[in-house]
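These notebook entries record what I looked up in one structure, topic by topic.

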Amino acid sequence: RPNPTPFAVPAAALVVVLAVAGGLSVGSYLMAIRVPIDGTRSTPAWTRLAADSGFPSGAGPSEVLGLAATPGVPGVGVVAVGTGATGGRVWLSPDGRSWIPVADSPAFARARPQAAAAAGDRIVVAGSRVDALGDPIAATWLSPDGVSWTRTDLPGSTGLLAVAASPSRIVVAGSPRAGAAPDDPGAPIWASSDGSHWLRLD
């Protein structure tokens, strides 16, 4: 067979929070993998984040639930999403080493963001929020910069668990409402071309 065409993958940063029983944080680590144009891969190396990195330590009310590399979003290399004392929280980093918490946004009030992804030059987040009646409802959030966010509710699910995206298409998946009929098709899936208008696929 002919040799595969060389490919290029941009450097990616991944932060992992390690914890033990009882919620005690034992450290946050950064691993960077670089793949040059010839397809060779460098040896992954882990670096423990400094205590003053700005990344949540796990000792307070903040909890990180999702991470995504965002190479197409100007000024944002990695985004982390999770929860804080009043709802959803967002942290931004240019390199995965130093982090800045974004000021609380009304769009994330009483929310639980679960996952994040880069959709070209935008960031999309999937999760859930509590509505005016106290019931959980699936929701997505969209941002051009990680600071300003627009929320879209997706009735028919108690929350979203995963998101995958490309510059032209976004797909999210969630869990059905409590008390769903036995013949319910299963976890609902929605697709969108812009992150604002969604079509349920099942």
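**Entry 1: aromatic pairs.** I worked from a predicted model. I looked up the aromatic pairs and found a count of 3. I examined Phe108 and Trp141: their ring centres lie 4.9 Å apart and their planes meet at 20°, so I recorded the pair as stacked, the limit for that class being under 30 degrees. I then located the two residues in the chain. Phe108 sits in the loop between E7 and strand E8 (111–119) and Trp141 in strand E10 (residues 136–143), so this pair ties together parts 33 residues apart in sequence.

Entry 2: Are Phe108 and Trp141 buried or exposed? I noted Phe108 as buried, at 3% relative accessibility, and Trp141 as buried, with a relative accessible area of 0%. I also found that Phe108 forms an edge-to-face pair with Trp149, at 5.3 Å centre to centre and 70° between the planes. This pair links distant parts of the chain, 41 residues apart, since Trp149 belongs to the loop between E10 and strand E11 (150–154). Trp149 is buried, as is Phe108.

**Entry 3: strand E6.** I next looked up the burial of strand E6 (residues 88–93). I found 6 of its 6 residues buried, so the strand is largely enclosed by the rest of the structure. In a regular strand the side chains alternate between the two faces of the sheet. I therefore checked each face of E6 against the cut-off for buried, under 20% relative accessible area. Gly88, Val90 and Leu92 are buried on one side, and Arg89, Trp91 and Ser93 are buried on the other.

**Entry 4: the neighbours of E6.** I found that strand E5 (residues 78–83) pairs with E6 in the antiparallel sense over 6 bridges, with Val78 opposite Ser93. The two strands form a hairpin with 4 residues between them, and Gly87 in the turn has a positive phi of about 150°. Strand E7 (residues 100–101) also runs antiparallel to E6, joined to it by 2 bridges. There Trp91 stands opposite Pro101. The hairpin of E6 and E7 has 6 residues between the strands, and Gly96 takes a positive phi near 85°.

Technical notes
Residues are numbered from 1 along each chain as its sequence is written. This is a predicted model: local features need pLDDT of at least 70, side-chain atom pairs count only at pLDDT 80 or more; totals for chains, interfaces and linings use all residues. Side-chain values use heavy atoms; hydrogens and water are left out. Buried means under 20% relative accessible area, exposed over 50%, partly exposed in between (1.4 Å probe, protein chains only). Two strands pair if DSSP finds at least two bridges between them. Rings of Phe, Tyr and Trp (its six-membered ring) pair if their centres lie within 6.5 Å; planes under 30 degrees apart count as stacked, over 60 as edge-to-face and the rest as tilted.
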